[in-house]
Amino acid sequence: MEKSKRDVDEAAMQSSSGRKNGGWITFPFIIATMAGLSLASGGWNSNLIVFLINEFNMKSIKAAKVYNVVNGCTTLFPILGGIIADSYLGCFSVIWISSLISALGILFLLLTAAIDVLRPAACDDGSSLCTSPSKHQYAVLYVAMGLASLGVAGTRFTIAPMGANQFDNPKHQAIFFDWYIFAFYTSFAISTTAIVYVEDNISWSWGFGISLAFNILGLAMFLIGKRFYRHVKEQGGSPFVNLARCIVAAIRKWRVPLSEQTQSYYHDPSDTTTITTSPVPTKFFKFLNNAAFITEGDTKSDGSIRNPWRLCTVQQVEDLKSLIKLFPLWASGLLISTQLVMQSSLLILQALKMDRHMGPHFEIPAGSMLVFIMLFTCIMIAIIDRLLYPFLAKYTHFSITPLQRIGIGHVLTIVSMAVSALVESRRLRLVRSHHLQGQNGAIVSMSVFWLVPQLALNGIGEGFHFPGHMGFYYQEFPASLKSTSTAMVALFIGIAYYIGNGLIDLVQRLAGWLPDNINDGRMDNVFWLCCVLGSANFIYYLVFSSLYKYKNMDNKPNDVPSK
């Protein structure tokens, strides 16, 4: 008997040790998966406009619209992947199924590039004399892009909670998010340069073939690590339905007088933690407490809930309240992302009007300037994880909280917009001094490398706020919505694309700062406008972040994991 007890204790210790170290065992598999899938998605997505114009004879505006729809899908649909993972399948199943879907989509793109009958006849300049794609060719193309986009949406932001689930310590989870973003940005930068070069200079078939190979490699790495993963049990139903039940139950009992007695509120009998930590619902949004208040006929003889649309648990009520508390902070991400979207889109227009030569024979593609953002984001993440956190852990008792990290990102983004305005003001002064107004093809004798400082600030800011956002929402979202939490970041990025387009349309209609020829406009004023909006958004963020109280925050100083 004594031996048996000792064996049980030893097994428990080994299990605890496995949970403690398991995150770092699975770390290389998950990061390798992210890298492979990001290389694949960047390989087919980054050069999509050129592919549509050159191979499918699309007009440039139509190609740009198709490209925007594709990007909208890849940034808005992750929320669906998160909901499915939280409600039914779990992260693991969503990731491997989505990886197969994206591989199938890239395979169809490869076929359109390799098989002539799947493309219209070649056209050199995209003029009106070019042959338009047939319905069947359009069908294959759109199915390919749809599958590839759906696959990216189901993996990119579902891998994040899958990896964070492997760790118990919030600080280790934050470090994982740093390296998740690092792998994402590094891989995307490589694909937008190396794979795009192959597509432009060798063939589209080779480019898409390389993308497909990386997709398969990423999926293989993910499946190889299966036996090491900690799998989070699926909910067996949608947690969003539970949230809706809370609202309905609270409305149905809104006239019922509430009590402060613990026994007056319904707790899940299997959840002893909530009974201890929250014997009665909190007073925030007290109206919702009606949903958990027990009235006559709400429970069966065995104590279970008779009608879940009339009675909910205290935990379900508190989960809904936590989302309400998070919404103002989430909304601040809309404008910070809009600033970045505006800068990224206008950057291409600036670069096209500047001297992009590096040496006598090489000209930097305008779109490649975005690589500087990714480069500085990766550098900053490495500095934060390898220098800043260890320094704070060793020499201070100060811990950078997720909200502080996001706030630093806000400030750097505002400064980046101000620098963008100053650089554009200098470019426009050169335009006027050389009398280049009205000349559509005029190039200003100003090096494109003048844009690097604003891109560096942009990238450094993203190194702070992007992982900060992901870590914060994962940490503070209800346990039943962990997969959805990181997809909320993708959601405000996706919405920011549309806000940015709306802001550009508004500026064009009311101020005339953005004509087709930017040498005749005042793009510097657009950047100053973004700077003002960003500053107002930062003040808004400071107010709500100062009022927010962490639910799951580990208040210990930064610690450095031993791997």
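**Helix packing and salt bridges**

Analyst: Helix α15 (residues 452-476) packs against helix α16 (residues 482-510) at an angle of about 145 degrees, and the two axes lie 8 Å apart. Note that this is a predicted model.

User: Which residues of α15 meet α16, and what is the hand of the crossing?

Analyst: From α15, the residues are Phe-466, His-469, Met-470, Tyr-473, Tyr-474 and Gln-475. They meet Lys-482, Ser-485, Thr-486, Val-489, Phe-492 and Ile-493 in α16. The crossing of α15 past α16 is right-handed.

User: How many helices and strands does the chain have, and what percentage of its residues count as buried?

Analyst: The secondary structure comprises 17 helices and two strands. The chain has 563 residues. The part that counts as buried is 52%.

User: How many residues apart in sequence are the parts tied together by Arg-405 and Asp-178?

Analyst: The side chains of Arg-405 and Asp-178 form a salt bridge, N to O 2.5 Å. Arg-405 lies in helix α14 (residues 402-433) and Asp-178 in helix α8 (residues 170-201), so the pair ties together parts whose separation in sequence is 227 residues.

User: Are Arg-405 and Asp-178 buried or exposed?

Analyst: Buried means under 20% relative accessible area. Arg-405 has 4% relative accessibility, so Arg-405 is buried. Asp-178 has a relative accessible area of 0%, so Asp-178 is also buried.

User: Which helix holds both Lys-321 and Glu-318?

Analyst: Lys-321 and Glu-318 form a salt bridge, with the closest N and O atoms 3.6 Å apart. The two residues are three residues apart, about one turn of the helix. Both lie in helix α12 (residues 314-352).

User: Which residues are linked in a network of salt bridges?

Analyst: The count for the chain comes to seven salt bridges. The residues linked in a network are Lys-253, Asp-298 and Arg-310.

User: Which helices each supply at least two residues of the nonpolar patch?

Analyst: The surface patch consists of Ile-84, Tyr-88, Leu-89, Trp-96, Ile-97, Leu-100 and Leu-223, with about 610 Å² of accessible area together. Leu-100, found in helix α5, is partly exposed at 45% relative accessible area. The helices that each supply at least two residues are α4 (78-89) and α5 (91-114).

Methods:
Residues are numbered from 1 along each chain as its sequence is written. This is a predicted model: local features need pLDDT of at least 70, side-chain atom pairs count only at pLDDT 80 or more; totals for chains, interfaces and linings use all residues. Side-chain values use heavy atoms; hydrogens and water are left out. Helices (H or I, at least four residues) and strands (E, at least two) are DSSP runs, numbered from the N terminus. Buried means under 20% relative accessible area, exposed over 50%, partly exposed in between (1.4 Å probe, protein chains only). Patches are made of residues with over 30% relative accessible area and no salt bridge: like charges are joined within 9 Å, nonpolar side chains (Val, Leu, Ile, Met, Phe, Trp, Tyr) within 5 Å. Accessible areas come from the Shrake-Rupley method with a 1.4 Å probe; for residues, only the protein chains shown count as cover. A salt bridge is a side-chain nitrogen of Lys or Arg within 4 Å of a carboxyl oxygen of Asp or Glu. Axes are lines fitted to C-alpha atoms, for helices over the stretch in contact, and angles run from 0 to 180 degrees between N-to-C directions. A crossing is left-handed if the near helix is turned anticlockwise from the far one by less than a right angle, and right-handed if clockwise. Contact means heavy atoms within 4.5 Å.
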